[in-house]
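Q: I would like to learn how to read the features of a structure one at a time. Please take me through this one.

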Amino acid sequence: MELLTNGVRRRRNRQWPDDVKARIVAETLRPGASVSEVAERHGLKANHVSSWRTLARNGKLVLPAPEDPVEFAALMVAPVVEDVTAAYRLHRLGRRSWWVR
């Protein structure tokens with residue numbers, strides 16, 4: 001069977017299930033991942049995936065649980081200062097983080 005077309009391309013609107021959208025968005029949140037690379041791998045435009053990220057940020061798309069059971073956040077530790085005068089001196093020395101006990 002031969003299919004003849006008149007050269008007109010039909011636009012194909014795909015319906016993506018929420019779980020697939022969530023999985024794709026989760027891929028973009030991994031360290032070192034870029035939205036455009038993930039979108040290209042799935043045959044999507046980057047702005048399409050970005051709109052799904054906005055849905056997730058607004059709570060309208062539930063993301064899957066992270067693959068690693070433990071995730072860490074960076075923590076900045078500053079020296080504890082005993083009095084306000086010492087704290088002021090540290091501030092004048094250029095240390096932006098200090099605590100007064």
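A: Start with contacts that span the sequence. In this predicted model, residues 24 or more positions apart account for 37% of the contacts with a separation of 6 or more.

Q: What does the secondary structure come to, and which pattern does the protein follow along the sequence?
A: The secondary structure consists of four helices and two strands. Read along the sequence, they follow the pattern α-α-α-β-α-β.

Q: How many of the residues count as buried?
A: Of the 101 residues of the protein, 20% count as buried.

Q: How do I read the packing of two helices, α1 and α3 for instance?
A: Two packed helices are described by the angle between their axes and the distance between the axes. For α1 and α3 the angle is about 95° and the axes are 10 Å apart. Angles of 65 to 115 degrees count as roughly perpendicular, and α1 and α3 are therefore roughly perpendicular to each other.

Q: Which residues make the contact between α1 and α3?
A: On the α1 side they are Lys 21, Ile 24, Val 25 and Thr 28, and on the α3 side Val 49, Trp 52, Arg 53 and Ala 56. The residues of this contact divide into five nonpolar, one polar and two charged.

Q: Which residues of α1 are buried, and what do they pack against?
A: An α-helix has 3.6 residues a turn, so residues three or four places apart point the same way. The buried residues of α1 are Val 20, Lys 21, Ala 22, Ile 24, Val 25, Glu 27 and Thr 28. They pack against α2 and α3.

Q: Lys 21 is on that list. Where does Lys 21 lie, and what does it touch?
A: Lys 21 is in helix α1, which covers residues 18-28. Its relative accessibility is 17%, and the cut-off for buried is under 20%, so Lys 21 counts as buried. Leaving aside neighbours within four places in sequence, Lys 21 is in contact with Trp 16, Trp 52 and Leu 61.

Q: Which residues of the largest nonpolar core touch the most other members?
A: This core has 13 residues, and those touching the most other members are Trp 16, Ile 24, Val 25, Leu 44, Val 49, Trp 52 and Leu 61. The most comes from α1, with four residues.

Q: What does Leu 61 touch?
A: Not counting residues up to four places away in sequence, Leu 61 touches Asp 18, Lys 21, Ala 22, Val 25, Trp 52, Leu 55 and Ala 56.

Q: How do I read an aromatic pair, and how many does a search of the whole structure find?
A: A pair of aromatic rings is described by the distance of the centres and the angle of the planes. The search of the whole structure finds one pair. The rings of Trp 16 and Trp 52 have centres 5.8 Å apart and planes at 65°, so the pair is edge-to-face. Trp 16 lies in the segment before α1 and Trp 52 in helix α3, 36 residues apart, and the pair links these distant parts of the chain.

Q: Is Trp 52 buried or exposed?
A: Trp 52 is buried, with a relative accessible area of 4%.

Q: Where is Val 38, and what surrounds it?
A: Val 38 lies in helix α2, residues 35-41, and is buried at a relative accessible area of 1%. Beyond its neighbours within four places in sequence, Val 38 is in contact with Ile 24, Glu 27, Thr 28 and Ala 33. Val 38 and Val 49 are eleven residues apart along the chain, and their C-alpha atoms are separated by 8.5 Å.

Q: Where is Lys 45, and is Lys 45 buried or exposed?
A: Lys 45 is in the loop between α2 and α3. With a relative accessible area of 62%, Lys 45 is exposed. Its C-alpha atom is separated by 9.2 Å from that of Val 35, ten residues apart along the chain.

Q: What does Pro 64 touch, and where is Pro 64 placed?
A: Pro 64 is in the loop between α3 and β1 (80-81). Pro 64 is partly exposed, with a relative accessible area of 43%. Not counting residues up to four places away in sequence, Pro 64 touches Ala 22, Arg 23 and Ala 26. Pro 64 and Val 20 are 44 residues apart in sequence and 9.9 Å apart in space, C-alpha to C-alpha.

Technical notes
Residues are numbered from 1 along each chain as its sequence is written. This is a predicted model: local features need pLDDT of at least 70, side-chain atom pairs count only at pLDDT 80 or more; totals for chains, interfaces and linings use all residues. Side-chain values use heavy atoms; hydrogens and water are left out. Buried means under 20% relative accessible area, exposed over 50%, partly exposed in between (1.4 Å probe, protein chains only). Contact means heavy atoms within 4.5 Å. A nonpolar core is a set of buried Ala, Val, Leu, Ile, Met, Phe, Trp, Tyr and Cys residues joined through side-chain atoms within 4.5 Å. Axes are lines fitted to C-alpha atoms, for helices over the stretch in contact, and angles run from 0 to 180 degrees between N-to-C directions. Angles under 35 degrees count as roughly parallel, over 145 as roughly antiparallel, 65 to 115 as roughly perpendicular and the rest as oblique. Ala, Val, Leu, Ile, Met, Phe, Trp, Tyr, Cys and Pro count as nonpolar, Asp, Glu, Lys and Arg as charged, and the others, Gly among them, as polar. Rings of Phe, Tyr and Trp (its six-membered ring) pair if their centres lie within 6.5 Å; planes under 30 degrees apart count as stacked, over 60 as edge-to-face and the rest as tilted.
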